[in-house]
Amino acid sequence: MRMHVRRAAAIAALVAAGAAAGRDAVSLDGIWDFALDPEDAGERAEWFSSAAPFVHTIAVPGAWDAQGFGAETDKLRHNFVGAAWYRRNVEIPAAWTGRRIVLCVDAVHRSARAWVNGKPLGEHTGYLSPWELDLTPHVEAGAAACIAIRVDSRQNWEVDCLTGCLDIIDAMFTSWGGIWGHVRLEGRNEAWLEAFVVRPRFSDGAITARAALRGDASHADGVHLQIVEHATGARAAEKMLPLTEALTSDGEVEIRCAVAAPQPWLPETPRLYTARLALRHGASVLDERSTRFGFRDIEIRGPHFYLNGSKIFLRGYGDDCVYPETMAPPSDTDVYRRRRAFARRLGFTFVRHHSHFLPPEYYDAADETGMLVSPELPIAYLEYYTRAKGPALELYAREWAAAITRLRNHP
């Protein structure tokens, strides 16, 4: 057990805290109670209860195999394929009285079920997509809550044919498991914004910001878009609209503005801006979303790529998602900053990711260091696509859409 605690603590020191920009949130990254469930006995024994004894701890995010759990195989020092349980007691902030309280999990490998205070919340399949669960009916602000998540690393081919380099295929063909993304609680007001997307156009500095409106928006009366230069914080543009003018026919909010003399995002000078979109009720902010973006237009003319109107040659290489120390790609921007900076020093401006997506922190580092990225859905070879039928084929489509929605603001 001491070995597991030491490794968990070391990995916890490397992970970046989960954050929900512009919204009250409590990070649940760090140390959780943990138990392997090789006999699938946990649900019958009610391991989702705080009374069930767990003798181990583990760091989130991270793969359990890389933290010393499982038996030695001919390929790995530790490997366990099956179900395992994460559990943590958390204090719901008293200031969240009257708010919607949501559990947000950025990524699990491969599927999961969750409980709070012994009540089942739901389940999720698909290791690219973040997922969230509403805790509001089962918890109280200012009181403790017991959150339990059962993760299963076994692949159910009937519903999940996702297979790519992140799954450690080819010579290794090694399954791994764990919560490999950030976990947090969010305290949301009666109305909130989702799927925030910024569409910048370098040619004239035009920006279109759009977001889905959720919850009870009857008290919302306006939206406020602010654009700032990321490096300096200097305000580049700002616009406010009454909600009635910002609402689209499909119930989303949309607001447009322009930045005078926009600075282009280029591999040599990767200039970034931050967009903040606030949903307001008078002087009060009901919710705010924030994202970075760059002014970069990409087009194809004949056989050539053009970036912001100028021809660009993509000096690229391939990445097969090799992380021998952590198995799961880290959710740590600094790790990727070092990797991307090294690639840029070698002269690369482009990378193709064979059959895998990485966490958002990777794309943050690519934005900052001027790398163009081509990620791929986890369909390593044709045999995996043809194997997918019915629900498994539908999962491909859902995961593809989720990955695009999550990452589309990255230049």
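## The second largest pocket

By class, 19 nonpolar, 1 polar and 3 charged residues line the second largest pocket of this predicted model. The space in this pocket amounts to about 530 Å³. Of its 23 lining residues, those closest to the centre are Arg296, Val373, Pro375, His410 and Pro411.

Several elements give two or more residues to this lining: strand S21 (304–307), helix H4 (360–369), strand S25 (372–374) and helix H6 (391–407). Which of them provides the largest share of the lining? Helix H6 does, with 4 residues.

## The cavity

The structure contains 1 cavity of 30 Å³ or more. The largest cavity holds about 70 Å³ of space.

Its lining consists of Tyr127, Leu128, Trp180, Phe357, Leu358, Pro359, Ala403, Arg406 and Leu407. Of these residues, 8 are nonpolar, none is polar and 1 is charged.

## Salt bridges

A total of 31 salt bridges is counted in the model. One of them joins aspartate 160 to arginine 110, with the closest N and O atoms 3.0 Å apart.

Another salt bridge is formed by arginine 292 and glutamate 368, whose closest N and O atoms are 3.1 Å apart. This pair links distant parts of the chain, with arginine 292 in strand S19 (residues 284–293) and glutamate 368 in helix H4, 76 residues apart. Arginine 292 counts as buried at 16% relative accessibility, whereas glutamate 368 is partly exposed at 26%. In a further salt bridge, the side chains of glutamate 238 and arginine 235 meet at 2.9 Å, N to O. Glutamate 238 is partly exposed, with a relative accessibility of 37%, while arginine 235 is exposed, with a relative accessible area of 55%.

Salt bridges also link residues into a network, which comprises Arg23, Asp106, Glu132, Arg184, Glu186, Arg188, Glu194, Arg214, Asp287 and Arg406. Arg406 belongs to this network and also to the lining of the largest cavity.

## Cis peptide bonds and positive phi angles

Most peptide bonds are trans, and most residues other than glycine have a negative phi. The peptide bond from valine 60 to proline 61, however, is cis, with omega near 0 degrees. Proline 61 is found in the loop between strand S3 (56–60) and strand S4. The peptide bond from histidine 109 to arginine 110 is likewise cis, with omega near 10 degrees. Arginine 110 is the residue that forms a salt bridge with aspartate 160.

Aspartate 40 is not a glycine, yet it has a positive phi of about 55 degrees. Aspartate 40 lies in the loop between strands S2 and S3 and is partly exposed, with a relative accessible area of 30%. Alanine 261, also not a glycine, has a positive phi of about 50 degrees. The position of alanine 261 is in the loop between strand S17 (252–258) and strand S18 (273–281). Alanine 261 counts as exposed because its relative accessibility is 61%, over the limit of 50%.

## Distances between residues

Phenylalanine 34, in strand S2 (residues 30–37), is buried, with 0% relative accessibility. How far apart in space are phenylalanine 34 and tyrosine 86? Their C-alpha atoms are 4.8 Å apart, although 52 residues separate them in sequence.

Glutamate 91 belongs to strand S4 (residues 83–91) and counts as exposed at 52% relative accessibility. Glutamate 91 and glycine 178 are 87 residues apart in sequence, and the distance between their C-alpha atoms is 23 Å.

## A nonpolar surface patch

Ile298, Ile300 and Phe305 make a nonpolar surface patch of about 290 Å². Isoleucine 298 is located in strand S20 (residues 298–301).

How values were computed:
Residues are numbered from 1 along each chain as its sequence is written. This is a predicted model: local features need pLDDT of at least 70, side-chain atom pairs count only at pLDDT 80 or more; totals for chains, interfaces and linings use all residues. Side-chain values use heavy atoms; hydrogens and water are left out. On a 1 Å grid over the protein atoms alone, a cavity is a set of points where a 1.4 Å probe fits but cannot get out, and a pocket is an open set with protein on both sides within 12 Å along at least five of seven lines; lining residues have an atom within 4 Å of a point. Grid points are joined across faces, edges and corners, and a volume is the space filled by probe spheres set on the points. Ala, Val, Leu, Ile, Met, Phe, Trp, Tyr, Cys and Pro count as nonpolar, Asp, Glu, Lys and Arg as charged, and the others, Gly among them, as polar. Patches are made of residues with over 30% relative accessible area and no salt bridge: like charges are joined within 9 Å, nonpolar side chains (Val, Leu, Ile, Met, Phe, Trp, Tyr) within 5 Å. Accessible areas come from the Shrake-Rupley method with a 1.4 Å probe; for residues, only the protein chains shown count as cover. A salt bridge is a side-chain nitrogen of Lys or Arg within 4 Å of a carboxyl oxygen of Asp or Glu. Buried means under 20% relative accessible area, exposed over 50%, partly exposed in between (1.4 Å probe, protein chains only).
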